[in-house]
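Subject: Structure handover

Hello,

Here is the structure I promised to pass on. Please open it first, then read my notes below.

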Amino acid sequence: MYAYLPHTREYGIRVLDMSKPVDHQPIVIRPVPYCPFCGKEHPPSLRTEWEKRMHDRGLDPTIPRNPFSEPLPDGLDGEHWWRQEQQKSPNAVFGYPPLHTV
Ligand SMILES: [Zn+2]
């Protein structure tokens, strides 16, 4: 199963715990550098930047989360935080738009 993590802008193959129902698992992926559909390189992951922002707010970024069901402050549960950075500095690392949402 292919997945996109909007909060870290990562694409990859979903890693599942077969002992639990899929709907109750946080989305954990093994990132892939290229799109399996068109072969284009994915934009760089924003995990390091995201983790820094989580630490700054006293939140533990190592806890696997389901970004669709666990709200986080300042748009950190989705694309909002890096879309804002993108508008401030479109040529920085944030400036690459995601290729797909799956
Ligand atoms: Zn593609």
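Start with the strands. Strand S1 (residues 2-5) and strand S2 (residues 10-15) run antiparallel and are joined by 4 bridges. Two strands count as paired if DSSP finds at least two bridges between them. Helices (H or I, at least four residues) and strands (E, at least two) are DSSP runs, numbered from the N terminus.

Two notes on the source. This is a predicted model: local features need pLDDT of at least 70, side-chain atom pairs count only at pLDDT 80 or more, and totals for chains, interfaces and linings use all residues. Residues are numbered from 1 along each chain as its sequence is written.

Back to the hairpin. S1 and S2 have 4 residues between them. Arginine 9, in the turn, has a positive phi of about 55°. Leucine 5 sits opposite glutamate 10 of S2. S2 also pairs with strand S3 (residues 28-31), again antiparallel, over 4 bridges. There, arginine 14 has isoleucine 29 in S3 as its bridge partner.

The overall picture: the protein chain has 2 helices and 3 strands. Their order along the sequence is β-β-β-α-α. The chain has 102 residues, and 18% of them count as buried. Buried means that 20 or more other C-beta atoms lie within 10 Å of the residue's own; exposed means 12 or fewer, partly exposed in between, with C-beta atoms placed from the backbone.

Now the helices. In H1 (residues 47-56), Trp50, Arg53 and Met54 are buried. Seen down the axis of H1, these buried residues fall within an arc of 100°, so they line one face of the helix. The arc is that of the directions from the helix axis to the C-beta atoms. Thr48, Lys52, His55 and Asp56 are exposed on the other side of H1. Helix H2 (80-88) is part of what covers the buried residues of H1. After H1 comes glycine 58, with a positive phi near 75°.

Which residues make up the largest nonpolar core? They are Leu46, Trp50, Met54, Leu76, Trp81, Trp82 and Phe94, 7 in all. Such a core is a set of buried Ala, Val, Leu, Ile, Met, Phe, Trp, Tyr and Cys residues joined through C-beta atoms within 7 Å. H1 and H2 are the elements that give two or more residues to it.

Last, phenylalanine 94. Leaving out residues up to four places away in sequence, Phe94 touches Trp82, Glu85, Gln86 and Ser89. Contact means C-beta atoms, placed from the backbone, within 7 Å.

Best wishes

Terms used: Contact = placed C-beta atoms within 7 Å.
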